[in-house]
Amino acid sequence: MKLCIVTHKVVTGDGQGRVNYEVAWEAIRRGHQVTLLASSVELELQQHSQVSWISIPVKGYPLQLVREIAFSTQSAWWLNKHQKDFDLIKLNGAITSARGDVNAVHFVHSSWLRSPFNLSAQNLSLRGTYQRFYTALNADWERKAFDRAKVVVAVSEKVAQELMAIGVPRDRIRVILNGIDLQEFAPGIVDRQKWGLPEEVPLALFAGDIRTPRKNLDTVLHSLVEVPQLHLGVVGGTAGSPYPELARSLNLENRVHFLGFRQDVPDLMKAADFLVFPSRYEPFGLVVLEAMATGIPVVTAATTGAAELVTPDCGFVLPDSEDTQALAEALNQLVKCDRQQRQQMGQVARTIAEQHSWANMARNYVNLFEELKPC
């Protein structure tokens with residue numbers, strides 16, 4: 001089979017990029033020829049004899065929206081010339097205006113546009129106006145892209161429901177959950193002193209973009225007031241974030257440890273007792289699966305796609321991401337558990353995560369491609 005994958009990145013250090021990286025390798029292992037239309041590709045794929053890389057340069061454009069338009073235009077021009085050379089074309093959302101056979105959906109802009117937690121409609125600043133315009137344009141482009149695809153792949157059941165809400169028929173939707181590196185994220189013990197974190201106290205971990213309210217760190221901080229024994233490590237760049245000041249205003253500065261953007265999250269997870277991640281809107285939420293693979297309990301919300309993996313034996317799923325009291329109660333329950341109880345919950349979490357390796361995910365994608373391949 002001659003397969004074409006259209007994506008911004010095919011790299012291991014990016015969520016969507018890692019998905020396409022793993023899918024490309026699985027296709028190669030099965031003997032297929034792979035063409036990558038991308039701006040960035042890992043070196044070992046560039047050099048593989050079964051891989052052709054068509055570089056789509058967008059570096060230097062001033063805004064994300066402009067870069068996306070440039071990528072869409074350039075990739076569509078190339079695809080329209082070479083479309084007949086391929087048995088199957090895999091796209092990612094509204095990445096190009098050309099037609100694709102399989103479209104993998106990692107974010108539904110129409111749903112985020114309608115979300116009551118999308119505050120850009122209330123933000124009259126230039127940045128708020130830009131964000132609203134960006135989301136609306138992507139929502140329109142996505143609907144057109146999904147209409148043209150034979151199969152639309154949702155990264156969670158939550159995303160599948162959102163796709164049906166914008167008119168994609170259920171019989172054209174497949175759900176393929178994102179995967180996890182079970183070696184990188186694995187149970188272990190790490191000394192907290194490496195990050196200056198306190199020993200011998202309950203420690204929760206939060207990881208995400210803390211410059212915006214979508215990840216919901218504000219509710220976590222307000223809940224933490226009701227859990228005086230608990231410390232919180234926060235992974236995420238603090239430049240432009242309102243949350244260090246919020247923590248100070250709540251008198252939490254001695255219990256909330258802002259760690260900045262970090263590359264060593266797998267080790268940090270080993271140092272934590274559990275993850276707290278009640279995101280207000282998350283199509284999947286890979287950090288939840290990463291924590292489960294590390295063997296720690298998780299607290300999340302039903303607004304996170306990966307919540308469908310969390311059972312009462314390994315964590316808590318809040319029906320309402322804004323329920324400060326319910327979150328505080330869940331945190332308190334985990335704090336009151338002894339180490340053995342948390343370890344048992346973590347073992348259940350690890351067992352669930354083991355069913356969702358990158359290899360399993362990639363096999364599901366390539367099985368789908370082979371099923372759709374013309375005879």
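**View 1. Helix α10 (residues 286-294) is mostly covered, with eight of its nine residues buried.** Buried means under 20% relative accessible area, exposed over 50%, and partly exposed in between, with a 1.4 Å probe and protein chains only. Helices (H or I, at least four residues) and strands (E, at least two) are DSSP runs, numbered from the N terminus. This is a predicted model: local features need pLDDT of at least 70, side-chain atom pairs count only at pLDDT 80 or more, and totals for chains, interfaces and linings use all residues. Residues are numbered from 1 along each chain as its sequence is written, and side-chain values use heavy atoms, with hydrogens and water left out. The buried residues of α10 are Val-287, Val-288, Leu-289, Glu-290, Ala-291, Met-292, Ala-293 and Thr-294. Their cover includes β10 (203-207), α9 (265-271), β13 (274-277), β14 (298-301) and α12 (339-353). Contact here means heavy atoms within 4.5 Å. Just after α10, Gly-295 takes a positive phi of about 85°.

**View 2. The second largest pocket holds about 550 Å³ of space.** Pockets are found on a 1 Å grid over the protein atoms alone: a pocket is an open set of points where a 1.4 Å probe fits, with protein on both sides within 12 Å along at least five of seven lines. Lining residues have an atom within 4 Å of a point. Grid points are joined across faces, edges and corners, and the volume is the space filled by probe spheres set on the points. The lining of the second largest pocket counts 23 residues; Gly-188, Lys-270, Ala-272, Asp-273 and Arg-339 lie nearest its centre. Two or more lining residues come from each of α9 and α12. α12 gives the most, with five residues. By class, the lining divides into nine nonpolar, six polar and eight charged residues. Ala, Val, Leu, Ile, Met, Phe, Trp, Tyr, Cys and Pro count as nonpolar, Asp, Glu, Lys and Arg as charged, and the others, Gly among them, as polar.

**View 3. Strand β3 (residues 33-38) pairs with β1 and with β5.** Two strands pair if DSSP finds at least two bridges between them. β1 (residues 2-6) and β3 pair in the parallel sense over five bridges. Val-6 has Leu-37 of β3 as its bridge partner. β3 and β5 (residues 51-55) also run parallel, joined by five bridges. Here Ala-38 is partnered by Ser-55 of β5. Five of the six residues of β3 are buried, so the strand is largely enclosed by the rest of the structure.

**View 4. Cys-314 and Cys-337 have sulfurs 13 Å apart.** A disulfide is a pair of cysteine sulfur atoms within 2.5 Å. The sulfur closest to that of Cys-314 belongs to Cys-337, too far for a bond. Cys-337 is in no disulfide. The whole structure has zero disulfides. Cys-314 is buried at 0% relative accessibility. Cys-337 is buried too, with a relative accessible area of 18%.

**View 5. Glu-200 and Asn-216 take positive phi values.** Most residues other than glycine have a negative phi. Glu-200 has a phi of about 60°. It lies in the loop between β9 (173-175) and β10. Glu-200 is exposed, with a relative accessible area of 73%. Asn-216 has a phi near 75°. Its loop runs between β10 and α7 (217-224). Asn-216 is buried, at 0% relative accessibility.
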